[in-house]
Amino acid sequence: MNINEDFYCNFVLNNKIKIEKVRETNNVLAFYHTKPNWTLHIVIIPKQHITRLTDLENTNLIKEIFEVVIDIIKEKNLSESNYKIITNGGSFQESQHLHFHLVSGEPKQFFNE
Ligand SMILES: [Zn+2]
């Protein structure tokens with residue numbers, strides 16, 4: 001696997017890049033996206049390597065991930081504004097480490113960059 005194919009194991013979880021944590025539990029890390037595409041763009045990952053959503057069979061970990069997501073939504077009052085939770089699979093998934101995007105606000109303009 002190319003080092004860039006698992007950005008989370010190769011750069012985030014081994015502290016090779018600086019991230020701003022939003023929340024951390026024993027098994028889950030949430031942090032602000034390093035290149036945000038939305039006004040608010042948070043990434044939530046399991047700390048252990050899981051490649052894809054369909055490999056996520058540990059119900060305790062599923063629960064822990066969604067508890068973190070719900071806590072952030074509540075803490076930031078996103079139910080009062082807006083949010084989406086996105087996970088990509090198949091050819092849509094670039095980084096080969098399961099991750100969820102929690103986004104809110106406006107998407108950045110891609111077309112003028
Ligand atoms: Zn990984």
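Strands E1 and E2, the latter covering residues 28-32, run antiparallel to each other and are joined by 3 bridges. Within this pairing, Leu29 of E2 is the bridge partner of Glu24. The model described here is a predicted one.

Helix H2, residues 59-75, packs on the sheet to which these strands belong and touches E1, E2, E3, E4 and E5. The direction of H2 makes about 160° with that of E3. The sheet itself is open and has 5 strands in the order E1-E2-E3-E5-E4, with antiparallel pairing. Its edges are formed by E1 and E4, each of which pairs on one side only. On average, neighbouring strands are turned by 20° against each other, direction ignored. Strands of a sheet pair through backbone hydrogen bonds, in either a parallel or an antiparallel arrangement.

| Strand | Residues |
|---|---|
| E1 | 21-24 |
| E2 | 28-32 |
| E3 | 38-46 |
| E4 | 84-86 |
| E5 | 100-107 |

Taken as a whole, the protein chain contains 2 helices and 5 strands. Along the sequence these elements follow the pattern α-β-β-β-α-β-β.

Nonpolar side chains tend to be buried together in soluble globular proteins. In this model, the largest nonpolar core holds 17 residues. Val28, Ala30, Ile44 and Ile45 have the most contacts inside this core. Helix H1 (7-12), E2, E3, H2 and E5 are the elements that give two or more residues to the core. E3 supplies the largest share, 4 residues.

Which residues are in contact with Ala30, leaving aside its neighbours within four places in sequence? They are Val22, Arg23, Ile42, Val43, Ile44, Val68 and Ile72. Ile44, one of these partners, is listed together with Ala30 among the core residues with the most contacts.

Some totals describe the chain overall. Of its 113 residues, 18% count as buried. Among contacts between residues at least 6 apart in sequence, 57% join residues at least 24 apart. The C-alpha trace spans about 35 × 35 × 30 Å along its principal axes.

Notes:
Residues are numbered from 1 along each chain as its sequence is written. This is a predicted model: local features need pLDDT of at least 70, side-chain atom pairs count only at pLDDT 80 or more; totals for chains, interfaces and linings use all residues. Two strands pair if DSSP finds at least two bridges between them. Axes are lines fitted to C-alpha atoms, for helices over the stretch in contact, and angles run from 0 to 180 degrees between N-to-C directions. Two residues are in contact if their C-beta atoms, placed from the backbone, lie within 7 Å. A nonpolar core is a set of buried Ala, Val, Leu, Ile, Met, Phe, Trp, Tyr and Cys residues joined through C-beta atoms within 7 Å. A residue is buried if 20 or more other C-beta atoms lie within 10 Å of its own, exposed if 12 or fewer, and partly exposed in between; C-beta atoms are placed from the backbone.
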